[in-house]
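Colleague: Hi! Could you walk me through this structure in plain words?
Modeller: Happy to, let's open it up together.

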Amino acid sequence: MKTVEKRIRECVAKGNKAFIPYMMAGDGGLDSLKDKLLFLEECGATAIEIGIPFSDPVADGEVIQRAGERALADGVTLRKVLDELVRFKGEVSVPLIIMTYLNPILAYGINSFIERCEKIGIGGLIIPDLPLEEDGLLRNGLEGTDIALIPLVSLTSSLERIVNIAKQAEGFIYAVTVNGITGVRNEFEDKLSAHLKRVKEESSVPVLAGFGISTSQQVEQLGAQADGVIVGSAIVDALHRDDLEVIRGLMRTCTMEINNSATS
Ligand SMILES: O=P(O)(O)OC[C@@H](O)[C@@H](O)c1c[nH]c2ccccc12
């Protein structure tokens, strides 16, 4: 079992929910990356998702697009982010998950990228534009490493597809809660509960819900139906505004007891 999965399971075994915050690498300067990671760790993050800025972020909403643009304007690249992570390797102890579109990895070179991630001790990869059918591209090179290739399942995935994704899943399944792009939402579709239940039934790895979650109430609502949550835009926005209390508050919800009624 890969470390990311182990950490999520430990968290759930204690009666808590996993909380994975997402941040955009290089937003606010790459030299602040380490302090931001340490802050998120101190707030109780189970793992941290680090976004790599990219020119065509097709799955990203306004808040994350803007954060990516700020980082790109500052000259941040995948290579610079990895170099920075190597520099303070071992100082952050929660697993780090790299979220990037496929293109920067291809430009970097798949083998060099995997080697570099291993050197840093990266715990997982989320690559939204790498479908199951094509993921051998990375899966083969990741075999025998502690780097989990974390798949996404959407509300529109067929049962057959969910089953196939679940069979190969490592780390956890990222259950996307909305049809659309990242960004805060006021409401979720009624069918989401049944969908999460179905994904959990099919999956032998933990299932985390992400997209659109920005309030403690939503963390609680979605957390109750999954093994944990991923929060992006609300964290990116709070880090940008330096509103650290918002982040502390959101993460605190996950260490409180969340009623599991929807999944039991
Ligand atoms: O921002 P939101 O709605 O809280 O969603 C999480 C999300 O930001 C993060 O996991 C993420 C950022 N970019 C992505 C692209 C695809 C999948 C996931 C992501």
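Modeller: Let's start with a pair: Ala-209 stands opposite Val-229 in strand 9. This is a predicted model, where local features need pLDDT of at least 70, side-chain atom pairs count only at pLDDT 80 or more, and totals for chains, interfaces and linings use all residues. Residues are numbered from 1 along each chain as its sequence is written.

Colleague: How do strand 8 and strand 9 pair?
Modeller: Strand 8 (residues 207-210) pairs with strand 9 in the parallel sense, over 3 bridges. Two strands pair if DSSP finds at least two bridges between them. Strands (E, at least two residues) and helices (H or I, at least four) are DSSP runs, numbered from the N terminus.

Colleague: And what is the bridge partner of Phe-19 in strand 9?
Modeller: Val-229 again. Strand 1 and strand 9 are parallel too, with 4 bridges.

Colleague: Which way do the residues of strand 9 point?
Modeller: Gly-228 and Ile-230 point one way, Val-229 and Val-231 the other, and all are buried. Buried means 20 or more other C-beta atoms within 10 Å of the residue's own, with C-beta atoms placed from the backbone; exposed means 12 or fewer, and partly exposed is in between.

Colleague: Why two directions?
Modeller: In a regular strand, side chains alternate between the two faces of the sheet.

Colleague: New topic: which residues does UniProt list for "active site"?
Modeller: The unreviewed UniProt entry lists Glu-49 and Asp-60. Such annotations may be inferred rather than shown by experiment; the positions use the numbering here, and feature names are shortened.

Colleague: Is Glu-49 buried or exposed?
Modeller: Glu-49 counts as buried because it has 25 C-beta neighbours inside 10 Å. Glu-49 is found in strand 2. Leaving aside neighbours within four places in sequence, its contacts include Ile-97 and Ile-230. Contact means C-beta atoms, placed from the backbone, within 7 Å.

Colleague: Where is Asp-60?
Modeller: Asp-60 sits in the loop between strand 2 and helix 3 (62-73). Asp-60 has 24 C-beta neighbours inside 10 Å, so it counts as buried. Beyond four places in sequence, Asp-60 is in contact with Gln-65, Gly-68, Ile-181 and Thr-182.

Colleague: How many residues surround the ligand?
Modeller: There are 18, and the closest are Ala-59, Pro-128, Thr-182, Gly-232 and Ser-233. Here, near means a C-beta atom, placed from the backbone, within 6 Å of the molecule or strand. Strand 2 (48-51) and strand 9 (228-231) each supply at least two residues of that shell.

Note on methods. Two residues are in contact if their C-beta atoms, placed from the backbone, lie within 7 Å.
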